[in-house]
Amino acid sequence: MKYILTAFLTVWLVTGYSQPKAEEILERIDQNMSSENRVFESSMTIHGKRSSRTITSKSWSVGDEKSFTEYLSPAREQGTKMLKLEDQLWIYSPSTDRTIQISGHMLRQSVMGSDLSYEDMMDDRKLTDTYDAEVTGSEEVDGRKAWVLELTAKVDDVAYAARKLWVDAERYIPLREDLFAKSGQLLKRSVMSDVVEVDGRWFPKTILYKDMLKQGDGTEFKMLDIKFNQDIPEHIFSKASLKM
Amino acid sequence: MKTALKLAFRNLIGAGLRTWLNVLVLSFSFVVIIWMNGLMAGWDYQAKTDMTNWQIGGGQYWHEQYDPYDPFTLTESHAPVPAGFSDELARGTMEPILVVQGTIYPEGRMQPVAITGIRPGQEILMIPTFALDTVVTDAVPAVIGAVLSRNMQVKEGDRLTMRWRDANGMFDATEILVIKVFSSNVPAVEAGQIYIPLEKLRSMTLLEDEATLVTFSDSEKERQDAGEWVHKSKDELTAPVDEIIKTKTVGQSVFYGILLLLAMLAVFDTQVLSIFRRQKEIGTYIALGYTRREVVGLFTVEGAMHSVLAAVVAALYGFPFLWWQAREGWTMPIEASEFGMAMAQTLYPVYSAGLVIATVLIVVLVTTIVSYLPSRKIAKMNPTEALRGRIQ
């Protein structure tokens, strides 16, 4: 009996130490992914049924509250700017020389025909605030060991009732995320790849978003260049900068 | 006057082919004007009847935020059905309808739709909602219109994934089974709408006892706005049909104008020629004691009689034609649903006594005026010169 108890305790301790708690994993992800501020250039390739188109942009962001994006190409989108201040979003269109605020139902529209909605971009609440998380095991994703986390909404006003996350067990970055409807239907999937170390933190350079109910190969988001903790002038995050 | 009419008639018949050509052209104007106006009246009647049967019943209450032309208003346009409606709801003379924005994915294509919740047992609208009573265990039974079916290439028995958001904004998705595809003449009820049982939609969206609009059958009852519910009478709801028909009628008037102009040109020419060739006759009339006014009157009656003869000829071939049209209808060569408004593929003209009388009066009046204008020249004629047959 003593041996059995010792063996049980050993297994419990080993598994207990090797499998961190869900909250801890989410905390580590936050530490890894968030920074005081960041400046990055990115490309967004929207894979349609017949053709694909790529939009490049440059973004400045401070925490999750403030961000400013300027679209660089193609010519049709060039000069379009987007400003997000907490829960408010404005878009400036150079062709009409007008700034419009995206609010209410408009937040549910697709961003430039991609698989992402403005709401998806705006969602800056911490996962730990809106979901109950549980580690359900580990799996191998692209040759790397990953913790599998199942998140269930604990508030009513989130877009997705459940999420499933595969988190790199060593680098603590999400490698894949599935978003589910209330009925359990898989709605969207994002797959992160090209993980690189930037300024001492791991970061996925490519994210593929896919609406799982729709045909097509989804929307690929690529970080072309990223810099953390830069000196960003405060005036960038003002409505005046949209027309500059 | 009797003599004038006799003379005019004899002169007209005596002119032979020239008269009959004029009469034929004028009679054609009669028939076309009556037929086209009848077609418009028939369309108006059919469109309003179809809208009543398929879309609006005897009128509706709309939630104050509801705008059928702006799907984005659907998120906010719902509220509990007022308690004051409960009697009519129980009797089935009022039907609550809940409309929610959603998305369907036929063969992986993303298509926005309005998910419309309606009671399967309703009897106000002709939409075959009875099919929604079908027991389906693994999907939601749905009824769709022929326009959506054609556009989405979806047929009866097909299963589709449908996605929507509940009242809190949380996504949900399920499979729907298309039980029935219906066809009406009202594109608004067919395009971009999926009908599912009301109670199912309410539970899916957490909008228990709520509705976006309420349709009632009794259009005669005096009704007022009820809180955040705005009363829309049948006349208000069918006003777009009146607008379209008004626009079309104005367009058609141009066509009638051209048609009448051609006929009147012929009558005018005939009158000018008659006066030119019959100067001796005019001189003789005056020599016999006719006043100039009477001679002008004689020639005007003669011209105007073209229209009377035309009315008789039009009645001869027009009556069978118009009767046949009213019975068989006129089938449009293009797809009527493409117009986006209540319009049957085959329109049945509706003629009224008022329409026929008004058309006859207008044509006779215009012909009389056109006949009078050249006849005024007679008043300026020198009777002696006229008797000699000199050109004046």
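Leaving aside its neighbours within four places in sequence, which residues is B:Ala311 in contact with? Let's find out together.

## One residue and its surroundings

The model you are looking at is predicted. In it, B:Ala311 is in contact with B:Phe30 and B:Val360, once neighbours within four places in sequence are set aside. To find B:Ala311 yourself, go to helix H9 of chain B, which covers residues 292-328.

Along the sequence, B:Ala311 and B:Val360 are 49 residues apart, yet in space their C-alpha atoms are 7.1 Å apart.

Is B:Ala311 buried or exposed? B:Ala311 counts as buried because 20 other C-beta atoms lie within 10 Å, and the cut-off for buried is 20 or more.

## Where the two chains touch

Now move to the place where chain B touches chain A. Chain B brings 15 residues to this contact, and chain A brings 15 residues as well. On the chain B side, strand E6 (159-165) and strand E7 (171-182) each supply at least two residues. The largest share on that side is from E7(B), with 4 residues.

What kinds of residues does chain B use here? Sorted by class, its side of the contact has 6 nonpolar, 6 polar and 3 charged residues.

## How confident is the prediction?

For chain A, the mean pLDDT is 84, and 91% of the residues reach 70 or more. One stretch of chain A to look at with care is residues 4-17, where the pLDDT is below 50. Beyond near neighbours in sequence, this stretch has 0 contacts in the model.

Conventions:
Residues numbered from 1 in each chain as written. Chains lettered and ligands numbered in written order. Predicted model: local features only at pLDDT ≥ 70, side-chain atom pairs only at ≥ 80, totals over all residues. pLDDT = per-residue confidence, 0-100. Contact = placed C-beta atoms within 7 Å. Buried ≥ 20, exposed ≤ 12 C-beta atoms within 10 Å, placed from the backbone. Nonpolar A, V, L, I, M, F, W, Y, C, P; charged D, E, K, R; others polar.
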